[in-house]
Amino acid sequence: MGYRINVKNCKRASVTADSSSAYTIGTPVDMPTLRNVEIAFTSASGTLYGDGEKVSEISLVNGATLQFGIDKLTQADKVALLGISKDAKGVTSYKTTDKPPKTAIYFEVEHDDGGYEAVWLLAGTAQPIGVTAQQREDNITFSTETVNMTFVRRELDKTVMKMADTDDADFTTANQTAFKASPDI
């Protein structure tokens with residue numbers, strides 16, 4: 001059994017169909033230089049009382065948030081994640097009418113024994129990405145980018161996330177290769 005030591009192999013894929021009868025994604029595109037990831041599930045909860053006492057309490061997953069850091073996003077990544085436009089001269093335009101498209105995100109959490117956990121978040125939209133930078137002074141401080149995304153369940157089967165672990169014997173080499181290309185193997 002391995003322990004988590006690194007994150008790597010981040011990919012994005014546009015969600016091309018998300019309905020009760022079909023879920024498809026485009027070809028996954030590498031987003032190199034992944035620095036960190038944080039997934040938090042969102043939930044709906046309820047408490048039932050009877051005779052003045054709590055008799056039931058339940059919380060159910062209804063989505064997830066993903067925050068991930070990347071050294072530097074490419075212009076193509078920003079266009080794909082944010083729904084902004086880029087002209088033939090390489091200039092991107094951020095408009096109040098831009099709407100981020102549904103995107104699936106894949107990444108791996110490396111283990112200290114050489115294995116990894118593979119994660120697909122299935123139907124998310126990115127929030128606008130800010131820019132932070134500072135001047136060079138006595139020391140050089142690198143500036144990186146953070147992407148925040150909100151994921152809802154996909155329509156096909158109400159799934160928010162799929163995850164596999166090489167510590168599980170059923171996640172064979174063939175399954176690992178297939179899962180990198182698509183969450184549905």
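A word on the model. It is predicted: local features need pLDDT of at least 70, side-chain atom pairs count only at pLDDT 80 or more, and totals for chains, interfaces and linings use all residues. Residues are numbered from 1 along each chain as its sequence is written, and side-chain values use heavy atoms, leaving out hydrogens and water.

Now the fold. The protein chain has two helices and eleven strands. Helices (H or I, at least four residues) and strands (E, at least two) are DSSP runs, numbered from the N terminus. The order along the sequence is β-β-β-β-β-α-β-β-β-β-β-β-α. Along the principal axes, the C-alpha atoms fill a box of roughly 65 × 45 × 45 Å.

Next, contacts, meaning heavy atoms within 4.5 Å. Take those in the protein chain with a separation of 6 or more: 61% join residues 24 or more positions apart.

Burial next. Of the 185 residues, 31% are buried. Buried means under 20% relative accessible area, exposed over 50%, partly exposed in between (1.4 Å probe, protein chains only).

Last, one residue. Val61 sits in strand E5, residues 53–70. Why does Val61 count as exposed? Because its relative accessibility is 54%.
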